[in-house]
Amino acid sequence: MMEQGLIQVYCGPGKGKTTAAIGLGIRALGSNLKVIMIQFLKNDNTGECRLLKTLEPGFKVFHFEKERGFTWTLTDEEKSELAQEIHMALKFAKKVMDTGECDILILDEVLGVIEKGFADVKDLQSLVEEKPEFMELVITGRVLPDVLKDKVDYISYIEAVKHPMEKGVMAREGIEY
């Protein structure tokens, strides 16, 4: 258990926010710290999720959302279901904090659910404010709301300077997912 847990944010339009958060989690696991990652707007059919399953129980990954298409292709009913699933995931994050069952809590792409309107920034703000002293909280996503900037300890902004998608190269298994 850590004496002082801080709040880290990986944000911006660049590639590698989840990768950085997972890397931090693996480093923590190597020091016998327990890690829980809750992924939002993603499924578990990725190379990193398959590998992380082999690291249980020290590094656990949770998904609450049914597999669907991209958010912009969803019907109103599917969007409503997704918002309910996200609400359940945020409640689970609060429970993890209340029980103290990990040293590092990663909320991967939680900023995306706020940006897309599936959760209110107040939900994340209360998690940030109620974080246990010993727990490290890691938040990822593209846009960090201004209201949270003064409440976090680290902000790493990852910028996209160049990306192969600009040349028509699509996401590649093992590299982008």
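I started with C49, which at 3% relative accessibility counts as buried; buried means under 20% relative accessible area, exposed over 50%, and partly exposed in between, with a 1.4 Å probe and protein chains only. Before going on I noted the ground rules: this is a predicted model, local features need pLDDT of at least 70, side-chain atom pairs count only at pLDDT 80 or more, and totals for chains, interfaces and linings use all residues. Residues are numbered from 1 along each chain as its sequence is written, and side-chain values use heavy atoms, with hydrogens and water left out.

**Cysteines**

I asked how many disulfides there are. A disulfide is a pair of cysteine sulfur atoms within 2.5 Å, and by that rule I get 0.

**I155**

C11 turned up again in the contact list of I155. With neighbours within four places in sequence left aside, I155 is in contact with V9, C11, L144 and K149, where contact means heavy atoms within 4.5 Å. I155 sits in strand β6 (residues 154-157); helices (H or I, at least four residues) and strands (E, at least two) are DSSP runs, numbered from the N terminus.

**Core**

Next I looked at the nonpolar cores, meaning sets of buried Ala, Val, Leu, Ile, Met, Phe, Trp, Tyr and Cys residues joined through side-chain atoms within 4.5 Å. The largest one has 34 residues, and those with the most contacts inside it are I38, F40, L105, L107, L124 and I139. At least two residues of this core come from each of β1 (7-11), β2 (35-39), α3 (76-99), β4 (104-108), α4 (110-115), α5 (121-129) and β5 (136-141). Which element gives the most to this core? That is α3, with 8 residues.

I then picked out I38. Beyond its neighbours within four places in sequence, I38 is in contact with F62, F64, A89, F92, A93, L105, I106, L107 and D108. There is also a second, separate core of 16 residues, and V35, L52, F59 and I104 are among them.

**Rings**

I found 2 aromatic pairs. Rings of Phe, Tyr and Trp (its six-membered ring) pair if their centres lie within 6.5 Å; planes under 30 degrees apart count as stacked, over 60 as edge-to-face and the rest as tilted. F62 and F92 make a tilted pair, 4.8 Å centre to centre with 55° between the planes. F62 is in strand β3 (residues 59-63) and F92 in helix α3, 30 residues apart, so I logged this pair as linking distant parts of the chain. F62 is partly exposed at 25%, while F92 is buried at 16%.

F64 and F92 are tilted too, at 5.3 Å centre to centre and 45° between the planes. F64 lies in the loop between β3 and α3 and F92 in helix α3, so this pair ties together parts that are 28 residues apart in sequence. F64 is partly exposed at 28%. Ring pairs link F62, F64 and F92 into a cluster.

**Pocket**A pocket is defined on a 1 Å grid over the protein atoms alone: an open set of points where a 1.4 Å probe fits, with protein on both sides within 12 Å along at least five of seven lines, and lining residues have an atom within 4 Å of a point. Grid points are joined across faces, edges and corners, and a volume is the space filled by probe spheres set on the points. The largest pocket comes to about 1,800 Å³. It is lined by 43 residues, of which L41, K42, F70, E176 and Y177 are the closest to its centre. The elements giving two or more residues to this lining are α1 (17-30), α2 (47-53) and α4, and α1 gives the most, with 5 residues.

**Backbone**

L41 came up again here: its phi is near 60°, a positive value in a residue other than glycine. L41 lies in the loop between β2 and α2 and is partly exposed at 24% relative accessibility. E109 also has a positive phi, about 70°, although it is not a glycine. E109 is in the loop between β4 and α4, and this residue is buried, with a relative accessible area of 17%.

Where is the cis peptide bond? It joins E56 and P57, with omega about 5°, and P57 is found in the loop between α2 and β3.
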